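Colleague: I have a new model on screen and would like to walk through it with you. Can we go one question at a time?

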Amino acid sequence: MPARSLPPPAKKRKTKGSAGFLESLESDITAAVVGNMSLNLLSDLVNLALEASDAKQMSKAIYSLYRVFVVIISNDKLAPGGGDAAKVVRKWIWERLESYVHLLVGLLQDEEAALRKSALDILFSLLRHLSTSLTKSSPHNQPQFHFSHFKHIARGLLNCPRSPRVGSNASFQGETAPDVREHFVGTWFTVHDDIRWCFLREATFMLSKYSAVDHPNLLGNLLSIMEKLTNFPTEPSELNAWWIEELKKKPPKPRSSKAAVDYVQDEEMSDFEDQGEEDDWRKFFDEEPNAEDMKKAVGIKGRTHQLNFHQSLHSLQAHRAVFTQTWLSFLPYLSSVSTSTNRAFTARALNIMHRGVLPHLTRPILVMDWISACVDFGGTVGLLALNALFILMKDYNLDYPSFYTRLYAFLDRDVLHLKHRARFFRLTEVFLSSTHLPASLLASFVKRLSRLSLTAPPAAIVIIIPFIYNLLKRHPALMVMIHNTHADESFVDSFQPDEVNPNITKAIDSSLWELCSHKHHYESAVSTLARVFEEAFTKPGYSLEDFLDHTYGTLVEAELKRKIKKEPALAMVFVKNSFPLASGEVAEDAARGGLDAVSELWTFG
C-alpha cells in the first residue's frame, strides 16, 4: 500500500478561516467565558467574520459568533453591576457585539439568500436572549424588551444598509429583499404582539428622524410591510402571542397616578414613558370607553398615556394608538411631493385603507383631510380616495356634502377607456345603492353615463347598459326617463351636460335616447343588450361582475364562437366596378384612363 501523501486528519494544519480553526476558536472562547478568563480571542473571531468573503465561510462564522454570544449573555457577562474592571470588560464586549450586529444587519441585503435568512433569524434570537438577560437584572424581575438591539433590526428592514461582505453584488438598491420581508412578516410581525407593537413604535420614530430625501426607500419599505398586516387584533383576548416569553406575564393594573418606577431600561423608552401629561402624544388617541366595550374588555383597562410599556402590550387600545400614530406619521409623506412613485404608494395605501387601516384606528376621522386631498389627484388614486371617504361617511358618520359632486366629476370619457374602469363601476354601484338618494341626483349619473356611451368602446357599453338597468329597477322614480307618457314630437332634451352639480342638471326631465340608438350598434352583444329596455322590467337585476372583464378580445372571441342560425345574404353576381360612372363627362375621362380615386380603389378583376 503506497504511503499517504497527506498527514493524518488529526495532524492537518488548521488554517485561519477553516472550519477546524473556527471550531477551535469558538471552543477556546466558550471555555474562557465559563472560566472567567480573558476574552481577547472574541475580537479575532469577530474580525474573521468581518473579513470573510465566501458565503459558506461567512455562514459558519456568524453562527459561531452567535453561539459564543449566547454563552456570554447566559453567563451574565453583559449584566450591569460589578467594579470598574467589570465595567471596562462589559463595555469591550458590547463593542464586539455591536460590530457583530452591524454585520448581521448588512447581511439582510446580501446576494446570498441563505445568509439573509440566517442573519434575520440570529438577530431575533439575540433579541430574545438579550431581553431575558435584561429581565433577570431588573428590579423584581420585571419583564423587559431590549429596544437598543431592536432598533438595529428595524433599521436593517427599513433603511437597508449595503451588505459588508466582500464580493456581494446584491441589486436590491436599498429596498427590503422580498424573502427577508416575507420571513419577517410571516414569522414575527403578524404573529407576535410584542414585535408588532415595538416595530410600529420604532417605525414612527424613524419617520420623524430620517428624511425621505436621504432615505428614498424608507416609505416604500415600510408600506410593503404595513400592507401585509391583515390580522390586527380586534379583541383584547387576541393579544396572546409573545416573542419575549417574559412579556406574557400579566402586568399589574394601571395606577391612578404616574408610576414612580419605570420598568424599561432603554434610554429612549424611558423618555417615552416619562413625558409629562401635557405633551404625551398617546393622550391624543384616548377615547371615552363606552359601557359595551367595558363589558367585553378582558385585558388592561385604563388611559393609554398612563400605561407603562408592559401594560401597553396587554392593552388593545395601546396597540391601536401606536398603529394610528404610525399611519398618521406616514401618510403626509406621500402627499408632500407629487411624484410618480409617491402616487403609486398613495394608491397602495388607499387600496388597503377601508379594510386594513380605518377599522383599527383610534379615531378614523383623523385621516379625513389626507383622504380628501387625494380625491383631487383624479384617476385611480382619486377613485380609491372616494371609496375611503364613503366608508368614513357610512361607518363613521363623516359629514361630506360634496361627495356625490366629486363622484360626478369622475364621469368623463377617460374613465371608460382606462384600466381602472371595472373598479370604478364596482364602487359606483355601491355608492348609488342607497334608496334614500334623490331621484334628480341619480338621474344625472344615469344620463351622463348614457351620453358617454355614444363614444365609448363596446366593452364599456356592455357595462353601462346593465349598470343603468339595475339603477332603474332599484329606483323606480327614474323610469320616466325611458317611459314618458307626456312627451310629444316637440320634446327637447333639457339635460345640461356642462353643469358640475348633479342635483341641478335637469336630467330627470330628459330621456335615455342614447341607449335606444345602441339597438343598431355594429356589435351584436351591444345591440342585443340595448333591447332590454323595450321589454317589461320583470327580469332580475344583472350581476355586474359578469360584464366587467369584457375587452375587444373577449367580444370578438364570443362573436367567432357564436353559432349562426341563418346564413347572411351575399351578392352572387360579380361586379367589376362597384361605382359605375354616372355622367358622360366622367365617362370621357374614364376613356382616357382618368378614373376617380374611389372607383380605382373599388375596381375588381
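Colleague: Which residues does Leu 472 touch, not counting residues up to four places away in sequence?

Modeller: Keep in mind that this is a predicted model. Contact here means heavy atoms within 4.5 Å. By that test, Leu 472 touches Leu 478, Met 479, Ile 482, Leu 512, Phe 533 and Phe 537.

Colleague: Is Leu 472 buried or exposed?

Modeller: Leu 472 lies in helix H20. Its relative accessible area is 1%. Buried means under 20%, so Leu 472 is buried.

Colleague: How far apart in space are Leu 472 and Leu 442, C-alpha to C-alpha?

Modeller: Start with the sequence, where Leu 472 and Leu 442 are 30 residues apart. Then go to space, from C-alpha to C-alpha. That distance is 9.5 Å.

Colleague: What kind of ring pair do Phe 533 and Phe 537 form?

Modeller: Both residues are among those that Leu 472 touches. Phe 533 counts as buried, at 15% relative accessibility. The ring centres of Phe 533 and Phe 537 are 6.5 Å apart and the planes are at 45 degrees. An angle under 30 degrees would count as stacked and one over 60 as edge-to-face, so this pair is tilted.

Colleague: How many aromatic pairs does a search of the whole structure find?

Modeller: Rings pair if their centres lie within 6.5 Å. The search covers the whole structure, and the number of aromatic pairs is 28.

Colleague: What kind of pair do the rings of Phe 189 and Phe 199 make?

Modeller: Their centres are 5.2 Å apart. Their planes stand at 75 degrees. Over 60 degrees counts as edge-to-face, so the Phe 189 and Phe 199 pair is edge-to-face.

Colleague: Which helices does that pair link?

Modeller: Phe 189 and Phe 199 are 10 residues apart, and the pair links distant parts of the chain. Phe 189 is buried at 0% relative accessibility, and Phe 199 is buried at 1%. Phe 189 sits in residues 178-189 and Phe 199 in residues 193-209, which are helices H7 and H8.

Colleague: Which ring does Arg 448 lie over?

Modeller: A charge sits over a ring if CZ of Arg is within 6 Å of the ring centre and within 35 degrees of the ring normal. Arg 196 lies over the face of Phe 232, at 5.3 Å from the ring centre. Arg 448 is at 4.2 Å from the centre of its ring, which belongs to Tyr 408.

Colleague: Are H4 and H6 roughly parallel or roughly antiparallel?

Modeller: The axes of helix H4 (residues 84-107) and helix H6 (residues 147-158) come within 9 Å. They cross at roughly 25 degrees, in a right-handed crossing. Angles under 35 degrees count as roughly parallel, so H4 and H6 are roughly parallel.

Colleague: Which residues of H4 and H6 make the contact?

Modeller: Take each helix in turn. H4 supplies Glu 98, Val 101, His 102 and Val 105. H6 supplies His 149, His 152, Arg 155 and Gly 156.

Colleague: How are H9 and H13 placed relative to each other?

Modeller: Leu 219, Leu 222, Leu 223 and Met 226 in H9 meet residues of H13, including Phe 323 and Trp 327. The crossing is left-handed. The axes come within 11 Å and cross at roughly 135 degrees. Over 145 would count as roughly antiparallel and 65 to 115 as roughly perpendicular, so H9 and H13 are oblique.

Colleague: Which helices do the buried residues of H18 pack against?

Modeller: Helix H18 covers residues 421-431. Its buried residues include Phe 424, Phe 425, Leu 427 and Phe 431. They pack against H16, H17, H19 and H20.

Colleague: Is Asp 76 buried or partly exposed?

Modeller: Asp 76 lies in the loop between helix H3 and H4. Its phi is near 60 degrees, a positive value in a residue other than glycine. Its relative accessibility is 41%, so Asp 76 counts as partly exposed.

Terms used. Residues are numbered from 1 along each chain as its sequence is written. This is a predicted model: local features need pLDDT of at least 70, side-chain atom pairs count only at pLDDT 80 or more; totals for chains, interfaces and linings use all residues. Side-chain values use heavy atoms; hydrogens and water are left out. Rings of Phe, Tyr and Trp (its six-membered ring) pair if their centres lie within 6.5 Å; planes under 30 degrees apart count as stacked, over 60 as edge-to-face and the rest as tilted. Helices (H or I, at least four residues) and strands (E, at least two) are DSSP runs, numbered from the N terminus. Buried means under 20% relative accessible area, exposed over 50%, partly exposed in between (1.4 Å probe, protein chains only). Axes are lines fitted to C-alpha atoms, for helices over the stretch in contact, and angles run from 0 to 180 degrees between N-to-C directions. A crossing is left-handed if the near helix is turned anticlockwise from the far one by less than a right angle, and right-handed if clockwise.
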